[in-house]
Amino acid sequence: MTDAIRISGLNKLFASPDGGTVAAVKDIDLDIAAGKLVTLLGPSGCGKTTLLRMIAGFEEPTSGDIFFGDRRVNDDPPNRRDTAMVFQSYAIFPHLDVFENVAFGLRLRKLPTAEIDERVNRVLEQTGLGGYAKRSPSQLSGGQQQRVALARCIVMEPKVLLFDEPLSNLDAKLREQMRIEIRELQQRVGITSVYVTHDQVEAMSISDEIVVMNAGRIEQRGTPHEIYARPASRFVADFIGKANFATVTVVDGGTLRIGGVEVAVPDMPGLEAGAKAEVVVRPEAVRMAETGQGAFQGTVRRAMFLGNVAEYLVEIEGIGEWLVDVANPAERHMVDMGAKVVLTPSPSSVHILPDREQR
């Protein structure tokens with residue numbers, strides 16, 4: 001049976017070269033429901049890997065508590081926590097074939113041979129390695145080796161499965177494929193999983209929830225849609241995907257003035273008329289045209305054809321430079337640099353950042 005994870009008041013201090021301390025993780029409170037996949041996302045140095053290592057038992061918290069279900073595990077060594085971790089490096093044994101790599105942990109537990117055979121063969125089928133049992137690691141692709149590392153963890157039937165940037169060594173196309181496979185497998189077996197990555201697309205594609213970290217703290221947690229569409233801070237908006245920002249003035253309860261233009265916005269907090277705020281607008285939520293009516297007049301400063309989208313950098317007088325993504329550019333002509341264009345943001349996609357960003 002899989003476990004929920006509860007983290008309360010967790011802190012981790014490391015000694016600094018000047019004789020003081022550096023806080024790698026600060027006052028983390030986090031609940032992860034049983035059977036869910038939650039991703040810790042953030043830039044290098046944000047504390048996500050340190051938090052994962054404390055969950056695994058490889059780092060001891062300075063203060064705070066970690067619970068698996070109702071059991072406090074702070075004092076349990078890694079081998080007593082009933083977890084398994086998939087690392088960046090595959091760490092599979094080159095002298096053992098696929099079957100024996102996956103069976104290794106079960107043999108250490110001295111399980112009956114029949115049970116080992118049944119569990120290994122079942123997990124090999126689950127991970128798409130059913131026909132590779134007798135192959136050596138040198139005969140496998142990078143993606144297949146990563147599946148072996150994953151199978152070796154799952155076969156132990158842990159209550160918690162941990163991922164430490166497991167796809168960082170794979171090329172882009174294989175990473176995309178493995179993301180799908182990891183997500184489908186995790187949903188099939190229903191293991192509570194904590195996944196660490198700095199790749200926003202990876203986090204968005206596999207997670208039930210994302211925990212965005214910055215400087216040791218949690219900036220925001222939510223579903224991928226919530227994190228992307230309604231970021232809780234400028235940091236989150238800027239880190240997750242591409243974003244355009246603008247300082248605005250509140251006209252009334254449903255209207256903002258952006259660069260001298262009034263825009264009706266349906267989703268507004270209770271801001272008083274005349275108040276200043278900052279908004280974020282995603283590039284794909286801005287319609288661009290060379291002629292006709294639009295909210296803003298602009299000049300194209302950069303045009304890039306990226307296959308599925310054309311990305312434009314447009315300078316808007318009184319606002320600054322905005323990115324605009326135009327879908328399916330192969331069916332339309334590219335707008336030239338220096339061209340005059342009109343831009344219209346989707347009102348429902350204009351998101352006002354919380355007040356703490358204005359302080």
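**A helix and its charged pairs**

Reply: Glu157 is partly exposed, at 44% relative accessibility (under 20% relative accessible area is buried, over 50% exposed, and in between partly exposed, with a 1.4 Å probe and protein chains only). Arg122 is also partly exposed, at 33%. The model is predicted: local features need pLDDT of at least 70 and side-chain atom pairs pLDDT 80 or more, while totals for chains, interfaces and linings use all residues. Residues are numbered from 1 along each chain as its sequence is written, and side-chain values use heavy atoms, without hydrogens or water.

Glu157 and Arg122 form a salt bridge, at 3.4 Å from N to O (a side-chain nitrogen of Lys or Arg within 4 Å of a carboxyl oxygen of Asp or Glu). This pair links distant parts of the chain, 35 residues apart: Arg122 is in helix α3, and Glu157 is in the loop between α4 and β7 (160-164). Salt bridges with shared partners join both to Glu115, Glu118 and Arg119 in one network.

Helices are DSSP runs of H or I with at least four residues, and strands are runs of E with at least two, numbered from the N terminus. Helix α3 covers residues 113-126. Its buried residues are Ile116, Arg119, Val120, Val123 and Leu124. They lie on the same side of α3, because their arc around the axis is only 130 degrees, taken from the directions from the helix axis to the C-beta atoms. These buried residues pack against α2 (98-108) and α4 (142-154), where contact means heavy atoms within 4.5 Å. Ala114 and Glu125, on the other side of α3, are exposed. After α3 comes Gly128, with a positive phi near 75 degrees.

Note on methods
The expected span of a helix is 1.5 Å times one less than its number of residues.
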